[in-house]
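Here is a short briefing on one structure. Please look over the sequence and the coordinates first. The notes below then go topic by topic.

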Amino acid sequence: MRALQYAFDEALASLWRGRTSGLLSTATIAVALFVLGAFLVATSNLERLGAEWSRAAEMSVYIDDETTPEMRSAVEAMLAPGPLIVSFRFVTKLEALERFKQTFADLAAAAETVGDNPIPASYEVRLHTTPGSQDAVDELAARLRRSEGVVDVRYDRQWLDRLLAAVNVLQGVGLVLGAFLTVAAALTVANVVRLALYARRDEIDIMRLVGAPDAYIRGPFIMEGVLQGGMGAALALAALATVFLAIRGRYLMPLAAAVNLSSVRFLSLELCLVLLAGGMLVGCFGGLVASGGRDS
Amino acid sequence: MDSALSALRAILKALIETSKLSKLYSRGVHALRDLSLTIDKGEFLFLTGPSGAGKSTLLRLLLREELPSEGELKVAGRSLADLSYSQVQAYRRSVGFVFQDFRLIPRFTVFQNVSFVMRVLGVQAAVQQRKTFQVLKWVGLQHRMNSLPEELSGGEQQRIAIARALVNDPQLVLADEPTGNLDPDLSLEIMNLFREINASGTTVVVATHDRELIRRVGRRAITLDHGQIVEIV
Ligand SMILES: Nc1ncnc2c1ncn2[C@@H]1O[C@H](COP(=O)(O)OP(=O)(O)OP(=O)(O)O)[C@@H](O)[C@H]1O
Ligand SMILES: [Mg+2]
């Protein structure tokens with residue numbers, strides 16, 4: 001505890017003395033964590049998008065125009081709410097056509113010219129999104145397809161899968177890039193700390209010779225790394241938050257609305273703390289490496 | 001049983017024992033050669049001899065700033081070469097060392113230089129203050145407490161180095177030319193200070209060229225030349 005207090009005081013003093021070179025390592029850590037943080041903001045929002053999409057997962061069961069009420073009630077029996085199905089709703093041919101016209105105004109005229117309404121009636125089925133239910137859903141779809149009066153069953157989660165795959169790729173890229181930058185930042189910290197160490201080697205020799213324990217000799221340098229890392233992380237978070245707030249209203253919210261995402265969020269408090277701790281860890285590592293062996 | 005008893009007696013009486021101690025520096029300089037010597041607990045010993053005789057080298061080995069090339073060096077029955085890193089640091093804290101070139105920390109004030117080891121040891125601030133003030137008074141520099149080393153004369157810096165060596169009640173004081181920058185009167189005063197410390201049971205080893213000083217203090221003196229003992233008075 002005493003050694004920690006000492007290390008902290010000395011590190012602060014040393015940071016102040018070497019503020020220009022300290023700025024360099026603080027800045028590199030800030031850049032590394034800014035990039036990492038930006039990727040995290042993007043992927044965490046995309047992940048939420050995926051969650052919201054899968055919550056709204058639907059299956060469409062298209063019905064032949066000639067379907068009898070008996071056939072329909074057989075289908076409806078299969079769609080009864082249960083462990084797989086939340087609810088279903090019948091969409092009449094007319095309703096479907098109206099929707100089509102609304103969504104594709106340009107094509108509406110074309111639909112008119114066909115004369116007869118070409119769009120089939122359907123059931124819109126809301127599914128539970130319990131993980132691992134995929135097989136049961138596949139099985140249900142197969143049974144529905146075999147039923148009389150059903151022309152097609154669509155429940156493709158391809159979009160969802162694509163989105164999730166994209167999130168994975170983005171996460172991977174972010175991690176690799178972040179890792180590279182983090183290593184670079186750690187090396188910068190190590191060099192800056194080594195510089196401070198070199199400038200004070202006489203003093204360190206003297207401290208060794210009067211019997212100061214290792215914690216007092218290396219402690220301040222490691223603490224200096226930790227402080228640089230912490231400041232870099234704080235700077236990165238501040239910059240990220242500023243950028244986020246600046247572009248949220250103009251760009252992010254409309255983008256979210258376009259893909260049916262309810263809101264765009266910044267990093268969670270936990271992630272912020274993780275980034276902060278990460279910065280300190282990187283700095284600590286740099287300080288440890290720089291202050292190196294304990295040759296007496 | 002016999003050997004155990006004699007070992008025990010040796011531990012009780014001898015503080016420092018060297019046997020066939022040699023130090024060969026990288027450039028082929030034999031700074032010490034086959035030095036066998038015993039320094040008793042509570043002794044006051046002078047090391048003298050011409051420049052380059054090996055006095056500083058012996059003291060450096062005693063602080064474990066250097067390791068012997070050959071032979072053994074024991075303090076309080078333990079070979080210094082066998083100590084772990086943290087044991088070395090603890091041992092050094094039990095030794096008061098006055099360096100020939102003072103080795104004060106430039107950015108520390110006089111007070112901070114003297115009290116540094118106590119601070120590291122977690123001695124209460126009030127005790128640190130009292131003890132530091134006391135040793136600074138002994139060397140006559142209590143009024144320079146807040147000065148930086150660079151603001152002091154060579155002799156004043158030397159006295160600060162002496163104060164730092166004495167502040168922590170060491171079991172062993174090793175002083176390398178502690179009066180090299182002092183006038184004769186002040187030199188004698190510092191020697192009297194060492195004698196007082198010695199009277200309270202601390203072992204003192206002083207390296208010096210100053211034969212006149214040795215004569216006036218009148219204690220055992222070992223003369224080295226080319227790394228060997230040439231005379232014991
Ligand atoms: N680090 C070193 N590398 C090489 N040779 C050294 C080193 N330190 C001391 N020497 C040599 O070892 C010999 C003994 O040096 P030492 O400093 O012990 O002498 P000394 O008796 O203290 O001399 P002085 O009275 O001038 O202080 C000298 O010849 C010196 O040149
Ligand atoms: Mg010398």
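Buried residues account for 50% of the 233 residues in chain B. The model is predicted.

**Chain B fold**

- Chain B has 8 helices and 10 strands.
- Take the contacts in chain B between residues at least 6 apart in sequence: 69% of them join residues at least 24 apart.

**Contact between chains B and A**

- Chain B puts 20 residues into the contact, and chain A puts in 19 residues.
- The two chains bury about 1,900 Å² between them. Carbon and sulfur atoms carry 60% of that area.
- Between chain B and chain A there are 2 salt bridges.
- One salt bridge pairs Arg107(B) with Glu10(A), with 2.6 Å between the closest N and O atoms.
- Polar contacts between chain B and chain A come to 9 residue pairs, both residues being at pLDDT 80 or more.
- On the side of chain B that touches chain A, α3 (85-93) and α4 (110-121) of chain B each supply at least two residues.
- α4(B) gives the most to that side, with 5 residues.
- By type, the residues on the side of chain B that touches chain A are 10 nonpolar, 2 polar and 8 charged.

**Magnesium site**

- Which atoms coordinate the magnesium ion (ligand 2)? They are OG of Ser56(B) and OE1 of Gln100(B), at 1.8 to 2.4 Å.
- These two residues link distant parts of the chain, 44 residues apart. Ser56(B) sits in helix α2 (residues 55-62) of chain B, while Gln100(B) sits in the loop between β6 (95-98) and α4 of chain B.
- Is Ser56(B) buried or exposed? Ser56(B) has a relative accessible area of 16%, so it counts as buried, the cut-off being under 20%.
- Gln100(B) has a relative accessible area of 41%, and therefore counts as partly exposed.

**Salt bridges**

- Over all chains, the whole structure holds 18 salt bridges.
- A network of salt bridges links Glu10(A), Arg200(A), Glu203(A) and Arg107(B). The Arg107(B) to Glu10(A) pair is the 2.6 Å salt bridge given above.
- Arg218(A) and Asp214(A) form a salt bridge, with the closest N and O atoms 3.6 Å apart. Both residues lie in helix α9 (residues 214-258) of chain A. They are 4 residues apart, about one turn of the helix. Arg218(A) and Asp214(A) are both buried.
- Arg89(A) and Glu95(A) meet through their side chains in a salt bridge, at 3.3 Å from N to O. Arg89(A) is partly exposed, at 40% relative accessibility. Glu95(A) is also partly exposed, at 30% relative accessibility.
- In chain B, the side chains of Glu156(B) and Arg144(B) meet in a salt bridge at 3.8 Å, N to O. The pair links distant parts of the chain, 12 residues apart. Glu156(B) is in helix α6 (residues 154-166) of chain B, and Arg144(B) is in the loop between α5 (125-138) and α6 of chain B.
- Why does Glu156(B) count as buried? Its relative accessibility is 18%, and buried means under 20%.

Note on methods. Residues numbered from 1 in each chain as written. Chains lettered and ligands numbered in written order. Predicted model: local features only at pLDDT ≥ 70, side-chain atom pairs only at ≥ 80, totals over all residues. Heavy atoms only, no water. Contact = heavy atoms within 4.5 Å. Buried area = accessible area lost by both parts, 1.4 Å probe. Salt bridge = Lys/Arg side-chain N within 4 Å of Asp/Glu carboxyl O. Polar contact = N/O pair within 3.5 Å; in protein donor to acceptor, adjacent residues only side chain to side chain. Nonpolar A, V, L, I, M, F, W, Y, C, P; charged D, E, K, R; others polar. Donors = N, O, S within 2.8 Å, 3.2 Å for Na, K, Ca; no water. Buried < 20%, exposed > 50% of the residue type's maximum accessible area, 1.4 Å probe, protein only.
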